[in-house]
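This report describes selected features of a protein model.

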Amino acid sequence: MLKDAVETKTTYEIIKDSAVEAGLTQLTPERIQTVILETLESETGPRLKAYVNMCVHCGLCSEACSYYLSNNKEPRFAPVAKVKNTIGEMIRKKGRVDNDFLRQAVQIAYTECNLCKRCVMYCPFGIDVAYLMSIVRRICHKLGITPQYIQDTAHSHAATMNQMWVKEDQWIDTLQWQEGDAREEIPDLRIPLDKNGADIMYSVIAPEPKFQASLIYQAAVIMNTAGVDWTMPSAPGWDNSDMAMYTGDSEIMGRVKRAHFEAAMRLKVNRIVMGECGHAFRSVYDVGNRWLSYKMPPVPVIHAIDFYYELISTGKIKIREKFKEPVTLHDPCNVIRGRGLMEKSRYVVNAICENLVEMTPNREHNFCCGAGGGVINCGPPYKTRRMINNKRKAEQIKETGTKVLISPCHNCHSGLEDICHHYELGMDVKFISDILYEVMEK
Amino acid sequence: MQDSKKWDWSVGEKTIQINDWNKSYVWVEEYQTSPDGEKIGAIVRVDEESSGICINGDLFENTFEKIWNFRFSPNGSATALVADMDEWTVSVDGMVWENQFDYIWDMRFSQDGDVTAVAFQKDGKYGMAVNDTMWENTFGNMTGMTLNRSGSKSAAVVQVVPFSEGEISKFQKGIFSVCENGEAWDGAFTNIWDIALDDSNPVTAATIRTDLYHYTISVNNTPWSTTYSCVWEPAINPKTGAVSAPVKTSSGWTLAENNHLIWNRRYKQVWGHQYLPGGKNIAAIVSPQFGKWTAAVDDNAWTVLFNEYAGSLTISPDGSHVAIIGQTDGKWFYALDGKISGMHFDRIWEPVFSADSNHLACKVEKNGGFSIVVDGKLFSETFEAVWEPVFSPCGKFVLLKALNGGVYLRKVIAVDQI
């Protein structure tokens with residue numbers, strides 16, 4: 001039994017967030033109604049109408065939702081209930097909703113739905129609840145009631161084009177620092193900056209230069225060992241992440257994505273390879289590109305899983321000795337349900353590890369980490385509740401009996417570390433690159 | 001700027017052996033060529049502790065612990081950012097600036113190459129240094145550095161209000177300003193991007209966000225009275241000083257100038273606009289329908305549409321021609337005045353016009369080899385690498401700089417022989 005499976009509080013409460021509370025004080029009933037109606041009128045269309053009209057409240061989405069399962073099947077956590085209690089009421093009341101409603105809508109849309117789209121697979125009509133929750137987030141953004149921590153992240157994106165307030169010199173300096181350190185291991189290793197015409201532009205998310213610079217080191221070793229013609233941009237556009245996508249600030253999302261694509265276009269690379277991040281992939285491959293009017297990314301974008309698959313399957317990276325300890329593998333929604341990389345991730349993990357123990361369910365049916373849809377970015381005020389909401393995920397992980405958990409996604413990684421710590425699972429959470437770097441021939 | 005009339009334009013080939021550089025040094029970084037093609041250089045690792053700059057096989061006397069961003073300026077100076085003992089400075093033809101910094105980056109040149117500017121960080125404060133002179137004022141953070149063509153104006157977005165991460169209310173009230181030549185505008189905006197500087201008019205313009213939702217253009221620190229849900233980078237009319245920008249209206253993207261909409265059509269996207277010489281016409285990259293891209297001149301979109309991308313809008317010197325590059329189904333083309341190139345490429349670089357505007361050339365990659373395409377004809381030879389082509393002042397010759405088999409080639413080719 002999990003540590004606090006019994007003592008878990010299931011009492012539902014609205015969590016106080018200073019930014020949400022401050023935003024609510026600025027609202028009037030007229031303002032609320034105007035924003036909601038304008039957003040519904042100008043930014044939605046047949047898709048929303050079809051979803052709203054098609055839902056027959058069958059509840060088949062409920063069992064698909066890890067929040068519902070983690071909260072003793074409390075009906076309010078069923079996706080259909082979350083829709084009803086947010087966008088459904090906004091539509092039914094024609095925007096005449098009050099602050100108490102909005103306070104709850106913020107909590108549901110930003111912290112009780114991770115936009116993982118698992119429920120979409122179980123809906124007989126394929127209703128995309130993540131899309132509906134994204135509209136709620138968009139409305140909350142326009143009302144100025146976004147949770148503080150994720151709003152600050154969106155501010156960072158707006159000011160610096162990266163999510164962690166990394167200053168321009170800090171970025172380049174960090175790359176050169178990692179390059180220097182890696183030369184202790186591979187004397188002629190380079191992280192080529194601004195190499196025009198390289199095959200690949202490698203992009204990362206800002207937590208890497210900010211907190212996890214060793215991941216850049218590992219990537220550089222992998223690239224150099226594989227003999228890849230690669231580069232990294234010195235200018236803004238290097239960060240592929242996009243929390244503005246999750247706050248509902250589409251305009252900043254688009255600006256950040258444009259900077260990313262233009263960095264690649266400026267360097268004339270054939271493709272972008274991005275590190276192990278899921279939401280960043282979603283923002284580049286699905287959401288942000290389309291806001292800009294790109295049907296698909298204007299330059300091919302390859303997630304790290306896909307890239308490792310290419311390097312290993314073509315023999316560019318050879319495995320010296322497989323990782324011996326049993327591992328389990330998390331399937332990040334944004335690159336599994338969002339891109340279908342489930343078999344490639346297994347090819348890679350099986351190539352570098354002796355014993356992969358599958359979670360159940362797995363692949364596109366895997367449970368969400370409860371973090372990567374912007375939930376973890378809402379910060380400490382919501383962490384305790386986030387842990388309760390992740391109980392089902394904790395159970396799923398624990399059932400594997402392994403002590404190493406691979407997560408090829410940054411936000412999943414952070415969320416899973418929180419889960420492992422909170423539920424005392426005693427597991428070490430790793431990126432694929434952590435193990436690949438360890439077991440590859442150099 | 002090098003006077004290209006004085007370059008050697010005699011048809012023929014010069015070569016420089018570079019295959020022994022790899023034997024002489026620990027490693028050789030990316031090669032760079034001088035504008036006239038007479039020099040090829042690279043950052044080279046001299047030993048475990050130091051790097052240098054090698055030009056035509058000769059190593060500059062000064063070596064450094066770190067070197068990056070080596071380039072030839074438009075006037076042919078070998079310029080790079082260099083550091084010893086974590087003190088950074090700029091090296092120009094082997095001579096270093098007197099000022100030293102904790103870090104420098106974003107090196108920019110004036111059009112003639114006589115002015116070199118960098119962004120710097122010193123003691124945690126940020127500013128720009130222009131020809132070894134630091135801005136008088138420095139700031140807590142700085143982004144979006146720019147330099148005008150003459151080099152007379154340097155500008156950047158600077159943080160003028162003390163701020164800590166997480167202070168979202170303070171951020172939204174405004175903490176950023178524009179700093180021009182070391183002097184910041186009064187007041188602050190929530191965000192500022194894309195500073196445009198002009199050579200012939202006393203105009204500085206930038207995209208601003210006055211809160212989380214309202215975007216507009218600020219001209220000399222005075223925002224337009226109309227705001228939009230989104231705005232892209234401004235451009236300044238070289239003749240009149242008018243400022244224009246792509247703006248997002250409730251019905252789509254279009255172009256505004258001096259606070260008024262000037263294009264009638266609405267697009268899925270508009271950006272990268274430029275005034276044609278004379279200032280009477282404007283060209284831009286547009287997306288007339290979702291997922292389709294082309295160029296528009298004065299609100300008239302070309303009928304040729306690319307499925308994946310259009311960009312690198314280039315205007316001929318006399319303003320009579322507009323060229324872009326575009327991608328459809330993974331194949332790259334260029335389009336000139338609305339007509340797509342007959343052949344496609346694996347990659348294509350920015351279009352280059354001759355001074356008389358009569359010829360167009362591009363660096364291209366096809367089937368793994370690099371070459372140039374001139375007036376729609378692909379040069380018969382391919383190379384391991386080429387640089388972007390340069391036309392002679394008369395437009396009759398094109399300079400091709402290329403690498404093959406450890407040899408650098410400077411070839412002058414008659415345009416009518418391609």
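## Basis of the description

Two strands are taken to pair if DSSP finds at least two bridges between them. Helices (H or I, at least four residues) and strands (E, at least two) are DSSP runs, numbered from the N terminus.

The model is predicted, so local features need pLDDT of at least 70 and side-chain atom pairs count only at pLDDT 80 or more, while totals for chains, interfaces and linings use all residues. Residues are numbered from 1 along each chain as its sequence is written, chains are lettered from A and ligands numbered from 1 in the order in which they are written, and side-chain values use heavy atoms, with hydrogens and water left out.

## The parallel sheet of chain A

In chain A, an open sheet is built from four strands in the order S6-S5-S7-S8, with parallel pairing.

Contact here means heavy atoms within 4.5 Å.

## The antiparallel sheet of chain B

Chain B contains an open sheet of four strands in the order S7-S8-S9-S10, and the pairing is antiparallel. At its edges stand strand S7 (66–72) and S10 of chain B, each with a single partner strand, so that one side of each is left without a neighbour in the sheet. Five bridges connect S7(B) to S8(B), and B:Lys66 has B:Ala83 in S8(B) as its bridge partner.

Strand S8 (residues 78–84) and strand S9 (residues 87–92) of chain B pair over six bridges, with B:Ala80 bridged to B:Ser91 in S9(B). These strands form a hairpin with two residues between them, and B:Met85 in the turn has a positive phi of about 50°. S9(B) also pairs with strand S10 (residues 95–96) of chain B, over two bridges, where B:Ser91 stands opposite B:Val96. In this second hairpin, which has two residues between the strands, B:Asp93 takes a positive phi near 50°.

## Nonpolar cores

A nonpolar core is a set of buried Ala, Val, Leu, Ile, Met, Phe, Trp, Tyr and Cys residues joined through side-chain atoms within 4.5 Å. Buried means under 20% relative accessible area, exposed over 50%, and partly exposed in between (1.4 Å probe, protein chains only). The largest core has 226 residues, and A:Ile87 and A:Leu102 have the most contacts inside it. Helix H8 (residues 129–143) of chain A gives the most to this core, with 10 residues.

Neighbours within four places in sequence aside, A:Ile87 is in contact with A:Leu40, A:Leu48, A:Leu132, A:Ile135, A:Val136 and A:Ile139.

## Cavities and pockets

On a 1 Å grid over the protein atoms alone, a cavity is a set of points where a 1.4 Å probe fits but cannot get out, and a pocket is an open set with protein on both sides within 12 Å along at least five of seven lines; lining residues have an atom within 4 Å of a point. Grid points are joined across faces, edges and corners, and a volume is the space filled by probe spheres set on the points.

The whole structure holds five cavities of 30 Å³ or more. The largest cavity has a volume of about 110 Å³ and is lined by 16 residues, of which A:Cys65, A:Lys82, A:Cys113, A:Cys116 and A:Cys119 lie nearest its centre. The second largest pocket has a volume of about 1,800 Å³. Its lining comprises 49 residues, with A:Glu43, A:Arg138, A:Ser250, A:Trp291 and B:Lys248 nearest the centre.

The peptide bond from A:Thr360 to A:Pro361 is cis, with omega near -5°. A:Pro361 lies in the loop between S6 and helix H19 (383–389) of chain A.
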